[in-house]
Structure formats: C-alpha cells, structure tokens
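Thank you all for coming; could we have the structure up on the screen, please, so that everyone can follow along while I talk.

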Amino acid sequence: MAEPQRPPGGEAETEVMTVNIGPHHPATHGVLRLVVDLEGEVVRDLRPVIGYVHTGIEKSCEDKSYWKVIPFVERMDYVSYFFQMEAFCGALERLVGLEIPERAKYLRVIFLELNRIHSHLVWLGTTGLDLGAVSMLWYCFRERDRILDLFEMAAGQRMHTRYFQVGGVIEDIPLGFEEKLRSFVADMPVRVGQYLDLLDRNEVFLRRTKGTGVVPRERLLELGVTGPLLRAAGEPWDLRKTFDYLAYPRFDFKVPVGTVGDNYDRFRVRLAEMVESTRIVEQALDGLPEGPFIADDRKYVLPPRSELSTSMESLIHHFKLVTEGYRVEPGEIYYAIESPRGELGCFVLADGSAKPARVHFRDPSFVNLQAFRDMSVGTYVADMICSLGMLDPILGGVDR
Amino acid sequence: MPDAPGLELIRGEIEQDHPGAVVDTSFAQERAVLVVDAAQVLPVLRWLRDSPGQGYRFLSSLHAADYLPAEPRFAVHYELLNRDRVERIGVKALLADPAVGDQGEGPRTDTLARPQAPPGQDPQSDLPQIDSCVSLFPTAEFQEREVFDFFGIVFRGHPDLRRILMPEDYVGWPQRRDFPMGGEPVTFTYNERNYG
C-alpha cells in the first residue's frame, strides 16, 4: 500500500491523539492493551501494555514436583500446548540424561505437527475475522475440530492433553487412530488450497496485506524475532532444520520463506507451513517404528499399570514417583524448539530436590511483540490491526 | 556448541582483553557456559558478538535465576546463538545481593517488608545492579524488564525500566526464592469503599 498521505491543507489534522485500544477488544487477540498515538488515521507511536493474564505459572512451578509441572506449563500458550510440553519434558530429559524410545520420538513429532496445523488454523480463522473474511473462521475451525478429535482419541482431552511425559508419551495411539489421521492428512492440503482460493484472489484481503507491516530482516534479527515472521522476511531459520531434536532430521520437509516480509508473505508462509507439517505427519506415520512408547526407567517413569498387582518393586516405585516425585541432580539447562510462533525455549534450574528451583519459558510471542511497534509506526490504524493479526501473539504465552 | 576445550579457548581469549572478566566455565549436558563477573558482562557480550570468529550475534533468551542459599545469590543468563555455525553459548553473570551487607549474616528473607524505591529515581543501593545490554541486543528490552519485574535486578542504562507483567504499584519481587508462595490478597475497591 502507498505511503500514508497527509490530508491536503488541514493544519488541524496534525494534532496527535492518544487512543487506548484494549485490553478487551476482539482485534487484540487476547487481553493486550495498546496505547496508540494517532495523527489522523496514521499511527505515530505505539506502546503495548501487557500482563493482564499474568498468572504466575513460573512461580507456581517451583512448588510442584517435576511431573506435576507439565500440565501447568501447557497452559501458558494455550494454542500450542504440545510445544510447551515438549520444551519442558525435553529439557528435563536432557538434564537427567534420559533417552526416549524411537516410537515416542515419532509420536511426539506427529502430535507437535498436528498442533502446529491447529495453531495456524486458529491464527488464520481469527485473522480472517479481523480482516472481514468472516467465513474463514468456520472453515478453519471445522478442520481444527478434526485435530482436536484426534487429540481426544489419543489422550482423552481435546486441549491441554498432558500427553507427553518425561521419557516418552503417556499412552500408545489407540486402534483406529491411524486411519482417522490418514484421512485428515489426505484432506488437509486440499483444504489449504481452498483457503488460498478464498483469500488469495480476494481484492480486499490482498490490498490490506500486500506491502503492509514490512520490517527489514536485519531489524527483525536485532529484535530477536523468530518463526514465521522471520521466515517471511526471507531468513530460512527453523530450529527443526538446524538443531537435531526428536526425529526431525529424518523427515523430508521444506522451510517456506517469503521475499518482501509484508503481511501477505506472513500469510503465505504460514499456509505453506501447514502443508509441510502434513507432509511430516505423513512421513512419521509411514515410518512409525514398533516398540515401547515410553522409556523403561523406573526412576523417572511410572511402571505399567499391570505390574502394580504383581510386583512389589513396581508398587514402591509407583508410590515414590506419585508422592514425592523424582529428585534431579543440581544443574541447569536451556532447551529450545521451533513452536508455531518461533523459538520456544525452556530453562530449568534443578537444585537437587524433587521440585524445580526455576522454570522459565522464553516465549516467542513475548519476544516477537517487540517488533509490533516497528511494524505499525507510520502505517494506518487499519494496517496495524492487520499486522497484529499476522504477528499472531498468544497473550497467555506473553504473560505466562 | 563449542566443546569443552573450545570453551577454554574462548575464556583464554577473553582473559587477554578483559582480565578477570570470566570467573569460571561450566560444560554440562552439552551446554557451554561462561560464568562472568557482573561488572564486566557488557565487554564480554560485545566481544562474543563482534569478534571475528565468534559472531554470537543473536540473543535467544535473557532470564535470571535466584540461587538463594548460594553466594552470590543471583545470576542473569544470556543465551547467545551463532546462526551461521548453529552454536549456542551461555553467559551467566553472577550478582550478589547488596541487601545482605547491612545484616551481616546470611541473606535477608524479608523481601516484602523492604521499602521499594521507584526505579530510575533513587540510587537503588538495596537492589543488585547490572549493565543493560539493550544497546547490543535490542531484543533484551522486554526481557530485562521482566527480570527487573520478578527479581528486582536493576539494569543500568535500560531505556524504560518499569514493571512489565506485574501491576505498576506492586511491591516485592515475586520470583525470588524467599518470596512466599501463594496467598496474594485481592483488594476489591467496592468493599474498601463501603466497608473498609
């Protein structure tokens, strides 16, 4: 879009007005408050005010034994809960030196990638809503519901599943899951094509996204921005490719990048990521190895239910794990994975007791939000709303 | 990751330019960490960022931790990343609690009772201080505010050091280990006005 122009001749138009947007505003994607200095319709300065859903999760984790921390951290970024679980469980596994079985790695990849598609679907639906493409929400949530059905089938819960455990996953996938997942995987690329048909030839959508909210790649890197925002600016940086975690090096997938780094590129990158995620799920399903789905280490992993009535040792282990939990030798770890929004890092400090001394999440939404000022200053207020949608912050993750 | 000998090489090179800056190194769980003196953290970060052959230009995360019984008590962690070589290195700046001095023995546990001066106005002799790295890594702005908010660590030279997640008028540093768990009194202004 063209550079915002001053209306001809009006001196009165140069007055700067400070407007408060939020915290309760549908277009702020959660309880985000924006204090915006407006000159006419042009944004001259902007300050995000956050903390409205700060619930002290990191502090609460210090009072929970390690295995009880998992459901807590899931509730930070409530749209990508599997990623929080993986960040925390992975950090702990590295801290105690626990190797997880191959099948668990593949199962984790399947659920992480399904969660990535789910997260992008929520983003696409709500951002479409902001931009006037109301029907997108229904189409996206239709597919999202199929993913939630799959989560429910495997874990018993649609959201906040607590499916990942330290050492693997809690249960193997049930009978009929694979068939259902395969039909979803076959459908999803078609659906993404349909979303593209709906939006990519929509004049209103194109005019609002193309050329708006551009931030140069160097500036994004300075601001620590990661994930689709950075890739849309042309930087092929994806932790799944660069760091070796889970089974990602074994899968063939592409890292979509943009060229301009405007809101349109962000939209296209995320849509392409959904297709790539489906490819990863498909490959993981094809290559899913047989074997145990959780590590066989009784010091960290609950014994199978069937053993409790026959083995005294298992009963003791079970009792110790459930009451006190396991103790972790003093040490600290930082483990980062690629979440739908960028680098999700988990810092765990162990002090030798059964509870962590510090759990900190480097949430990508929190860090990426700093780029919002650069994206919006000098643009129209309507473009600011578009940029916020494309930034895709989850305020539960921002405030933790 | 630099391996353990690589880490010692880095330490040796920093020692040449900034003697005494690196206090210790640790290499555990494939994670290389330089433990540095808080007073010299900025030169070390700049060296790691700008030296040819190092190039840790991306700050992934900045966070703090409270090692309460230990002395010095606090540490600010910097997770640096070299995106070309895909290597991470941690920098851990140790910070003593200046409030310990006035009592003589052991860390004080009455964080809540301690009067809190608004940031940037009084010299906060009561709070641990460290140089802000926002000039090197603009991404640290929110993260340093978060550390200040939760640990009461003052970042000298930060452009806008205010609380970020807790309410502006909040008293106390909630993530410190001696801050009590649970029980946050909620004041309802209606009750205060009518029955208070």
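Before that, some conventions: residues are numbered from 1 along each chain as its sequence is written, while chains are lettered from A and ligands numbered from 1 in the order in which they are written. What you see is a predicted model, in which local features need pLDDT of at least 70 and side-chain atom pairs count only at pLDDT 80 or more, whereas totals for chains, interfaces and linings use all residues.

Chain A is divided into domain 1, residues 17-49, and domain 2, residues 57-367, with bounds that come from an automatic or database domain assignment. The centres of these two domains of chain A, taken over C-alpha atoms, are separated by 30 Å.

Turning to the interface, 31 residues of chain A are in contact with 24 residues of chain B, where contact means that the C-beta atoms of two residues, placed from the backbone, lie within 7 Å. Among the elements that give two or more residues to the side of chain A that touches chain B are helix H3 (81-96), strand S6 (331-339) and strand S7 (342-350) of chain A; helices (H or I, at least four residues) and strands (E, at least two) are DSSP runs, numbered from the N terminus. By class, that side of chain A has 13 nonpolar, 9 polar and 9 charged residues, counting Ala, Val, Leu, Ile, Met, Phe, Trp, Tyr, Cys and Pro as nonpolar, Asp, Glu, Lys and Arg as charged, and the others, Gly among them, as polar.

Chain B itself has 4 helices and 7 strands, which run α-β-β-α-β-β-β-β-α-β-α from the N terminus on. Of its 196 residues, 38% count as buried, that is, with 20 or more other C-beta atoms within 10 Å of their own, against 12 or fewer for exposed and partly exposed in between, again with C-beta atoms placed from the backbone.

Finally, the backbone: most residues other than glycine have a negative phi, and most peptide bonds are trans. In chain B, however, a cis peptide bond with omega of about -10° joins Glu71(B) and Pro72(B), and Pro72(B) sits in the loop between strand S3 (58-66) and strand S4 (74-82) of chain B. In chain A, phi is near 50° for His160(A), which is partly exposed with 18 other C-beta atoms within 10 Å. Leu246(A) also has a positive phi, near 50°, but Leu246(A) is buried, with 21 other C-beta atoms within 10 Å.
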